[in-house]
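Dear colleague,

I am passing on a structure for you to look through, and below it I have written out what was found. Please read the notes with the structure open beside you.

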Amino acid sequence: MSDVENRCRLVLILPEGDDLSARAAMLEGALKGGDVASVILPQYGLDDSAFQKHAEVLVKIVQDAGAAALVAGDTRVAGRAKADGIHVTGGLDALAEAVEKFTPKLIVGGGNATDRHKALEIGEIQPDYIFFGKIGGDIKPEAHPKNVALAEWWASMVEIPCIVLGGTDPQSALAVAESGAEFVALDKAVFAEPAQAPHIVAAVNALLDEKAPRFGE
């Protein structure tokens with residue numbers, strides 16, 4: 001594998017679904033495609049009991065592939081499923097509480113940073129990462145220009161890593177990488193056609209290997 005540590009890396013967001021075996025197969029396939037830093041597993045509409053069942057299976061698949069499993073939803077589920085971290089979708093208070101309670105045992109990060117002021121408020125909490133974008137917000141081929149601009153500003157002055165949501169086109173990963181962001185999150189770009197997921201992950205990694213800027217250069 002190429003030296004991925006010094007360039008923008010891929011984060012996957014698993015789409016919603018009730019069929020655990022289908023989701024597991026889709027995730028396993030995608031992770032065979034190449035380097036993935038972490039996978040965010042949102043709760044979506046699942047009740048806590050169903051989410052627990054899903055998380056226990058999916059977290060192991062992620063970890064077996066060498067990636068970090070980040071659970072977005074019930075923090076108790078994250079603990080019981082032995083996830084690597086918690087992705088907080090709530091506001092500042094929820095993020096601050098999670099950082100206080102779970103750091104450094106678990107990775108804790110989150111978003112809702114819609115402008116520079118909110119981003120700096122999140123930065124003061126000292127999460128492990130900040131997320132620009134909203135889960136489910138990948139509705140256009142390209143990454144949202146506002147998120148890319150925020151990432152460029154953030155990466156130039158703050159040491160806390162950022163994850164930026166890409167668009168529905170896998171090529172959108174490059175624009176995110178060019179902002180200086182450490183991670184690009186893809187959902188529909190990878191999983192819209194599950195059978196293609198491994199090939200898309202491989203293609204995105206090849207694109208980033210070839211064209212993404214290197215950190216510290």
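Helices and strands in what follows are DSSP runs, a helix having at least four residues and a strand at least two, and they are numbered from the N terminus. Please keep in mind that this is a predicted model.

UniProt, in an unreviewed entry, lists residues 10-189 as "domain: Thiamine phosphate synthase/TenI". In the model this span is 43% helix and 19% strand, and its end C-alpha atoms lie 12 Å apart.

Helix H1, which covers residues 20-31, has twelve residues and reaches 16 Å from its first C-alpha to its last, close to the 16 Å expected at 1.5 Å a residue. Its buried residues are Arg 23, Ala 24, Met 26, Leu 27, Gly 29, Ala 30 and Leu 31, and what covers them includes strands S1 (9-13) and S2 (38-42) as well as helices H2 (48-64), H8 (188-191) and H9 (197-211).

H1 and H2 pack at an angle of about 15°, with their axes 10 Å apart. Because angles under 35 degrees count as roughly parallel, H1 is described as roughly parallel to H2. The contact involves, among others, Leu 20, Arg 23 and Leu 27 of H1 and Lys 53, Val 57 and Ile 61 of H2, and the crossing of the two helices is right-handed.

Finally, Ser 172 is found in helix H7, residues 172-178. Ser 172 has a relative accessible area of 7% and is therefore buried, since buried means under 20%. Leaving aside residues up to four places away in sequence, Ser 172 touches Pro 141, Glu 142, Ala 143, Gly 166, Gly 167 and Leu 186.

Conventions:
Residues numbered from 1 in each chain as written. Predicted model: local features only at pLDDT ≥ 70, side-chain atom pairs only at ≥ 80, totals over all residues. Heavy atoms only, no water. UniProt positions renumbered as here; feature names shortened; annotations may be inferred. Expected span 1.5 Å × (residues − 1). Buried < 20%, exposed > 50% of the residue type's maximum accessible area, 1.4 Å probe, protein only. Contact = heavy atoms within 4.5 Å. Axes fitted to C-alpha atoms, helices over the stretch in contact; angles between N-to-C directions. Parallel < 35°, antiparallel > 145°, perpendicular 65-115°, else oblique. Left-handed = near helix turned anticlockwise from the far one by under 90°.
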